[in-house]
Amino acid sequence: MQKWTRWQDWAALVVGGYALLSPIWTDTTTKATWTVVVLGAVTAMVSLWSLADPASMASEWVHAVMGVLLFVSPWVMGFSGTDGIAWTAWITGAITLVVGLAALPASKDAHDGLATSH
C-alpha cells in the first residue's frame, strides 16, 4: 500500500484534529479541555505515523487504544456531566476505535508484503 492513501488514517487525522480543536467551540472545563486536547493531539500524531508507514500494525493498534481512551475519558476524568465536551470525547473515541480496527487488515497485508519481499 502506498503512503498517505489509507482513508482510515485520514479519518483518524480529521477526528484527532477535531478533538484537539473542539474546546474552541464546545462548553468545557479545564480538566476536560486538557484531556481532549492531549488525546486529540496524540491521535493526530499517530495518524500521521500511520499515513507515513502504512505497514505499521502498531500504529493501528495505538489508534484503537486512543479511541478507547477518548471514549472512557469523560468518566475517568470526571467530565461526563459536561455534555458538549463529553459527547465530543464519546463520538471521536468511537470513530477512532472503529477506523483503527478497520485499518488493521490493510496494515497487516502491507506488513506481510514487506516480509515476503525481503
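Me: Leaving aside its neighbours within four places in sequence, which residues is Leu48 in contact with?
Reply: In this predicted model, Leu48 is found in helix 2. Leaving aside the neighbours within four places in sequence, the residues in contact with Leu48 are Trp4 and Leu13.

Me: Is Leu48 buried, partly exposed or exposed?
Reply: The relative accessible area of Leu48 is 37%. Buried means under 20% and exposed means over 50%, with partly exposed in between, so Leu48 counts as partly exposed.

Me: How are helix 1 and helix 2 oriented to each other, roughly parallel or roughly antiparallel?
Reply: Two packed helices are described by the angle between their axes and the distance between the axes. Helix 1, residues 7–21, and helix 2, residues 30–52, pack with their axes 7 Å apart and at an angle of about 160 degrees. Because angles over 145 degrees count as roughly antiparallel, helix 1 and helix 2 are roughly antiparallel.

Me: How many residues of the contact of helix 1 with helix 2 are nonpolar?
Reply: Helix 1 brings residues including Asp9, Trp10, Leu13 and Leu20 to this contact, and helix 2 brings residues including Val36, Ala44, Leu48 and Leu51. Among the residues of the contact, six are polar and one is charged, while the nonpolar ones number eleven.

Me: What is the handedness of the crossing of helix 2 and helix 3?
Reply: The axes of helix 2 and helix 3, the latter spanning residues 57–76, come within 9 Å and cross at roughly 165 degrees. These two helices are therefore roughly antiparallel to each other. Their crossing is left-handed.

Me: How many residues of the contact of helix 2 with helix 3 are charged?
Reply: Residues of helix 2 in this contact include Leu39, Val46 and Trp49, and those of helix 3 include Glu60, His63, Met66 and Leu70. The residues of the contact divide into nine nonpolar and seven polar, and the number that are charged is one.

Me: Which element gives the largest share of the largest nonpolar core?
Reply: This core has eight residues in all, among them Ala19, Val36, Phe79, Ile85 and Trp90. Two elements give two or more residues to the core, namely helix 2 and helix 4, residues 83–117. The largest share, four residues, comes from helix 4.

Key: Residues numbered from 1 in each chain as written. Predicted model: local features only at pLDDT ≥ 70, side-chain atom pairs only at ≥ 80, totals over all residues. Heavy atoms only, no water. Axes fitted to C-alpha atoms, helices over the stretch in contact; angles between N-to-C directions. Parallel < 35°, antiparallel > 145°, perpendicular 65-115°, else oblique. Contact = heavy atoms within 4.5 Å. Nonpolar A, V, L, I, M, F, W, Y, C, P; charged D, E, K, R; others polar. Core = buried A, V, L, I, M, F, W, Y, C linked by side-chain atoms within 4.5 Å. Buried < 20%, exposed > 50% of the residue type's maximum accessible area, 1.4 Å probe, protein only. Left-handed = near helix turned anticlockwise from the far one by under 90°.
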